[in-house]
Amino acid sequence: MSLIREVNVGNRVIKFEFQKYAKQANGSVMVTSGGTQVLVTACAASKPAPGQDFFPLGVDFIEKLYAAGRIPGGYQKREGRPGNHEALTARVIDRPLRPSFPKDYQNETVINCTVMSYQHGYSAAPLALVGASTALMISDIPFNGPVAAVRLGLKDGEYIFDPKEGEESDLDLNIACKPDAVLMVEAGANFLSEEQMLDAIDHAHDLMKPLFEMQLEIRELIGKKKWDVTPKEMDSSVIDTVTNAAKDRILKAFSVKEKIERGKTLSELAANIISELNPENDEAKGSEIKAAFEDLKSNLMRRMILDEKKRIDERSPTEIRPITCETGVLIRPHGSSLFTRGETQALATVTLGSKDDAQRSENLYETDLRERFLLHYNFPPYSVGEARMQRSPGRREIGHGSLAHRALVPVLPSEDDFGYTIRVVSEILESNGSSSMATVCSGSMALMTAGVPIKEPVAGIAMGLVKEGEQYTILSDILGDEDHLGDMDFKVCGTKDGITALQMDIKISGLSKEILSEALAQAKEGRKHILEKMSGAITSAQDVSEYAPRIFKLKINQDKIRDLIGPGGKTIKKIVADTGVKLDIDDSGIVSLCAPDAISAEAAKSIVRSITTDPEIGQIILGKAVRIVDFGVFVELKPGCDGLCHISQLDTKRVEKVEDIVKEGDEILVKVIDIDRQGRVKLSRKDAIGQQPTA
């Protein structure tokens with residue numbers, strides 16, 4: 001018999017149903033809010049794989065289109081590999097769960113979140129994360145929960161709990177917390193201040209209290225006994241021996257400033273220490289020495305930061321690495337920029353296209369989603385000196401691109417003001433921390449180089465943290481080693497006026513409001529410094545590149561749309577074939593023309609006007625003779641509109657036979673001399689001789 005708990009959160013009721021679905025999993029729960037239902041299961045191997053020295057956690061978030069009552073489009077009527085939205089949601093679930101497992105737990109663990117029913121306005125992602133925590137809480141899998149999550153919007157100064165997809169909002173905040181600390185933040189914002197962000201985080205945390213209480217109650221009621229996790233105790237004599245042999249040499253290696261050379265020096269040092277202390281080449285002893293060496297390296301770096309306020313590249317905690325900015329570094333792309341910060345380098349390009357170039361996709365929320373701003377992040381192996389082939393982007397690349405996308409969206413012009421589809425591609429040429437933030441900076445400059453009139457330049461900075469007990473140090477512009485060995489990766493993007501995107505992950509059990517507030521304030525100073533460096537290269541949008549297509553808009557009467565399209569699209573296809581200009585017509589009568597050059601654009605505009613504008617007396621038009629009769633010739637002025645040129649109006653002298661002047665199929669220049677009450681058009685060739693067309 002199933003067990004049900006209902007929790008009031010914000011203005012919603014969230015229902016949790018236990019002991020009914022997927023009962024062979026270690027833990028499972030069906031989470032329901034409105035018409036959205038997510039089944040979450042947690043399964044784990046009974047013991048770690050032999051020789052395993054890490055925690056393999058896998059999270060899948062799967063959207064089934066049957067959940068929204070739809071059959072997948074295209075030829076394959078079955079869901080394929082997860083799309084970008086699913087991959088990003090899986091990352092959001094993974095990140096707050098990972099630090100909540102015991103340190104020495106290394107059993108392979110897989111969380112599956114399947115959206116089985118969906119109602120617009122009831123987000124599945126926060127339900128999946130709360131469901132994952134709840135499934136783990138009642139399972140026998142070791143887990144230091146509870147964890148809860150909410151999605152929060154902000155409009156007209158009022159918070160919106162779980163805003164609808166696509167709803168206008170100054171904030172889209174996805175946040176996960178423990179009862180006493182923040183675990184993960186993912187947000188897009190319209191220039192909010194640091195104080196506003198902190199208030200939103202506080203408000204969201206307060207909303208989660210009933211979810212924490214429910215999870216603790218249900219664990220006591222039906223929770224299984226947790227597996228024992230045996231702490232891995234290292235032989236103290238090995239620790240002392242490695243410390244005495246390696247400490248001074250590690251500190252000396254830290255003084256090597258270049259990342260590759262420093263890594264090589266430390267790797268060689270580790271090999272030498274293992275060889276010196278393990279001459280008999282015992283595999284188990286060698287592994288123990290290596291582990292002690294890695295712990296010592298981490299501890300020395302962390303103590304140097306905490307005690308001496310000194311980093312391995314000798315910067316102070318708040319110091320930003322040297323920055324250089326260049327624009328227009330590539331010839332043919334419509335915009336390009338190169339942003340270099342220390343040993344991190346991002347080359348961004350911008351391509352401008354027509355409406356047809358927009359990204360089309362479908363998901364649970366929309367059947368025909370069209371995205372006019374695209375940002376793609378690439379992290380080739382050579383950026384970290386690795387010799388391997390480049391493959392399709394993984395979750396990390398998708399996630400970094402999504403963060404940079406969120407950061408830049410608030411400063412983009414509206415489609416009415418700038419009708420192009422915009423694609424930014426960031427190629428990470430070199431990486432030593434904060435490559436996603438380099439993408440934001442480089443992308444912002446590339447947009448201006450391409451002529452995109454963004455509201456303000458945007459910069460990003462990655463903040464780190466080293467914390468031992470009550471002692472902590474916040475780091476600005478972290479290195480890769482500081483990300484790996486530190487306790488926080490906190491990315492903040494924005495303009496001089498406010499925050500546009502924010503992402504935070506931590507490796508410790510939680511983050512207090514005080515540390516979060518201090519990190520935001522320090523990030524603001526760093527962002528201002530980076531924006532100042534960027535302003536030395538470019539400050540505002542340049543002219544659109546000569547290599548970019550030209551976009552123009554015309555307004556036609558709605559009742560002329562059919563004439564412009566023609567039967568079966570014949571007329572519009574002919575315009576495209578004759579001029580090379582792409583046309584897009586909306587229901588209001590706005591015609592968007594995307595032309596390769598100005599001459600093609602003028603030709604297409606002239607044709608569109610001739611088709612959609614009724615003839616007026618006095619106009620001179622180049623028409624086509626479509627039918628000859630004894631008394632004159634019928635001239636096609638535009639598709640579906642003919643006029644008669646009487647034989648007496650064909651020439652200044654007497655005409656005996658129409659065919660002496662014009663034959664069927666000939667182009668003929670005529671002037672509109674009359675339009676009667678029935679709309680019949682009378683034309684004159686003789687009055688048009690020597691004139692230029694006016695329509």
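Analyst: Happy to. Helix 1 and helix 8 are roughly perpendicular to each other, since their angle is about 95° and the class spans 65 to 115 degrees. This is a predicted model, where local features need pLDDT of at least 70, side-chain atom pairs count only at pLDDT 80 or more, and totals for chains, interfaces and linings use all residues. Residues are numbered from 1 along each chain as its sequence is written, and side-chain values use heavy atoms, leaving out hydrogens and water.

User: Which residues make the contact of helix 1 with helix 8?

Analyst: Contact means heavy atoms within 4.5 Å. Helix 1 (residues 84-97) brings Asn84, Ala87, Leu88, Ala90 and Arg91, while helix 8 (residues 395-408) brings Arg395, Arg396, Ile398, Gly399, His400 and Ser402.

User: At what angle do helix 6 and helix 7 pack?

Analyst: At about 135°, with axes 10 Å apart. Helix 6 and helix 7 are therefore oblique to each other. The contact residues include Leu266, Ile273 and Leu277 of helix 6 and Ile289 and Phe293 of helix 7.

User: How many residues does the largest nonpolar core have?

Analyst: A nonpolar core is a set of buried (under 20% relative accessible area, 1.4 Å probe, protein chains only) Ala, Val, Leu, Ile, Met, Phe, Trp, Tyr and Cys residues joined through side-chain atoms within 4.5 Å. The largest here has 162 residues, and Ile111 and Phe490 are among those with the most contacts inside it. Apart from it lies another core, of 18 residues, including Val635 and Cys641.

Terms used
Axes are lines fitted to C-alpha atoms, for helices over the stretch in contact, and angles run from 0 to 180 degrees between N-to-C directions. Helices (H or I, at least four residues) and strands (E, at least two) are DSSP runs, numbered from the N terminus. Angles under 35 degrees count as roughly parallel, over 145 as roughly antiparallel, 65 to 115 as roughly perpendicular and the rest as oblique. Buried means under 20% relative accessible area, exposed over 50%, partly exposed in between (1.4 Å probe, protein chains only).
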